[in-house]
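Subject: Structure for your review

Dear colleague,

Please find the structure below, handed over for your work. My findings on its salt bridges follow.

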Amino acid sequence: MKTISIFLLTFCFLTAFQGTGKKIPSVQIQTLEGKNVNTSSFSNGGKPMLISFWATWCSPCKKELNTIAEVYDEWKKETGVKLIAISIDDSKSSNKVAPYVNGKGWEFEEYLDVNSDFKRAIGVNNPPQTFLVDGKGEIVWQHVGFKDGDEAQYIEALRKVIKGEKIEH
Amino acid sequence: MKKLFLIFLFLFSFRIIFSQNILSSGEIHGNFSMDAQYYNPDSSIGAPPVPEKMRMQGYSNLIYTNGNFSAGARYESYLNPLTGFDPRYKGSGIPYRFASYKVDKLEVTVGNYYEQFGSGMILRAYEEKGLGIDNSLDGFRLKYVFHGIYLKGIVGTQRNYWGKGPGIVRGIDTEVHLNELLAREKDSTYHPSKTEITFGGSFVGKYQDGRQVTSGTSTLNVPQNVGAGSGRIGISRGKINLNGEYVYKSQDPSAFNNYIYKPGQAVLVNANYSEKGFGFYFGAKRIDNMSFKSDRNATGNDLNMNYIPSFTKQNTYSLLAFYPYATQPNGEINYQSEIEMKIKKGTFLGGKYGTDLAFNVSQAYGLDTTHLNPATDSSRLGYKANYMGIGKLYFSDFNIEVSHKFSPKVKVLVVYANEIYDKDVIQNESGFGTVYANVGLTELTYHFKGAKFLRMEFQELYTKQDFGSWAMVLAEYGAGEHWLLSAFDQYNYGNDNSAARIHYYTAAVTYLKDATRISLGYGKQRSGIFCVGGVCRYVPASNGISLSVTTTF
């Protein structure tokens, strides 16, 4: 009974909001230096952004960001994209994020989400999960997990976004 | 049915009326996750009987946001909880709902919320679905920001499965971001100093009814209010980050500390240095009687108000993670150091595509304590701890990781680890003693064209204790953009009992597209300890088919 009413509730809400673009939720997170930043201030001057959730203990996440790090310069040149990496490491490992990131030589914008507030607000189940945000600040595509070769899907989606094309679902 | 119809009617009209105006500028999003398992009986691996044959658990979050307002709810269902999860989760319902509003610098949340003060050693309400942990608070929270001063106040009770803990949790936290504070007069939001300084402090208290408890043959007078205070500082300049926190907790006799009246203390420091291609980390902490629960009678992971981070490497490869450390809130000394470095391309060791190296060492010890004789320990302090000394070794992990890319198609990763694990202390058992293990691992990845690749893992764990040695082979094949096939076998070849030299094999097919992941597997799962962040749960052996679906919308 309860289950059914929940389903109905979901259905009604979802149909009511069909077509509305999903924006980046507003949550306070921190830079690696400890400065507070609100996620609603994320911008890339009208160019697309990739927001990627990762953790130092997550192998596919590290594979994803290490792979993108190798082609990041080319992607930036071609599409103007900015990658924002959100570490969901908690206080057990949040202090290992800076040494890892710099040790690998990543040049992404880096933040810490130590109690998973941003992860929860945006609806990530498990990392890695990456959101593609268009120049208007709307989330237009998502990708969960990461396996070798998936980076081709990202650049393909980015090319469509900068041309204003819709990404097929 | 009538009720259901009315709900439907209400929601439908709600949709028609509001979708056109007020709510049309808002948005709904959320996620969904479900795990189901069909269990085969299998006494050879010690799988507990599952009378339902099939069990399922899952949740869905729905969040509505409109400008400064947001509200949400999570529906959860455990019918029945999967083996290894607490059976008290049995049932379905909405354990999480909230509404939150921001007016200028004030943010108000009513209902359920998650919160952390500092490193979490004084207060942390969080969720870790994989462990079945959700100690969210239900009540009010206020946040206020004033020129670089961040204030938080909370009052609530904690979630305990489908109910609430008996204690009321109250807390305030202040964090000062000096660079923001000093920028005030200069009409900018940030002081341009290269040094970034933050400091803060918290007070957290709990109230629980009842003045007396019975422990063994004695009746004890217990405090109804227990308080804890903390101070912390963080300094960052260029390549260096330093931070530390100290927490003091007043007398808090509880089932977890065997009803002793010794005050609790915790101290933690972290330091890191990094530059391009090199990173160094060091962290250490000392914990003395710091279990902090909103019910003095709670045990295990129930109703924790705080979180003691474990400074150990969280290994992800199966046999490396075979003996994970679990934090000991009653007392421990723990440190960790890590080095991460990249050897440049074009050098002898770096080769054409570069080589990555990582070293890690972490150890955990008990406190150096002298137990007090209960006959003369009239104030029931339990023990005396020597601040400068260290006690018994609980855990040690030393590991080296080398990864090298031989060509755009071939990548290799090699790991060696040496681990010492006091099973009796870490798993709260007796008679097992300490396990000494050496683990070796090689991972090979071969990238075919496009999204096709083959990844193989070869792992071996060598030990003479516990269940003896294990070997494991894993193969994962990326079959195009959306499909992943994987299979592995864990073989307990070194078990003293030849009948227990079992192959634990699993095969799975995973479909990934956009925000959706669907995975179907079949196999045997060994019993073991599963940990996230130093908090662990025991997972019994199982044999069967599992299905997992997650999506975000």
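In this predicted model, Arg124(B) and Asp90(A) are joined through their side chains by a salt bridge, with an N to O distance of 3.2 Å. The pair crosses between chains: Arg124(B) lies in strand β7 (residues 123–125) of chain B, and Asp90(A) in the loop between β5 (82–87) and α3 (97–104) of chain A. Arg124(B) has a relative accessible area of 4% and is therefore buried, since the cut-off for that class is under 20%. Asp90(A), at 12% relative accessibility, also counts as buried.

Two salt bridges within chain B may be of interest to you.

- Glu175(B) pairs with Arg232(B), and their closest N and O atoms are 2.7 Å apart. This pair links distant parts of the chain, 57 residues apart: Glu175(B) is in strand β13 (residues 168–177) and Arg232(B) in strand β17 (residues 225–237). Both Glu175(B) and Arg232(B) are buried.
- Arg55(B) pairs with Glu52(B), with 3.1 Å between the closest N and O atoms. Here Arg55(B) is buried at 13% relative accessibility, whereas Glu52(B), at 31%, is partly exposed.

Over all chains, the structure holds 44 salt bridges.

Yours sincerely

Technical notes. Residues numbered from 1 in each chain as written. Chains lettered and ligands numbered in written order. Predicted model: local features only at pLDDT ≥ 70, side-chain atom pairs only at ≥ 80, totals over all residues. Heavy atoms only, no water. Salt bridge = Lys/Arg side-chain N within 4 Å of Asp/Glu carboxyl O. Helix = DSSP H or I, 4+ residues; strand = E, 2+ residues; numbered from the N terminus. Buried < 20%, exposed > 50% of the residue type's maximum accessible area, 1.4 Å probe, protein only.
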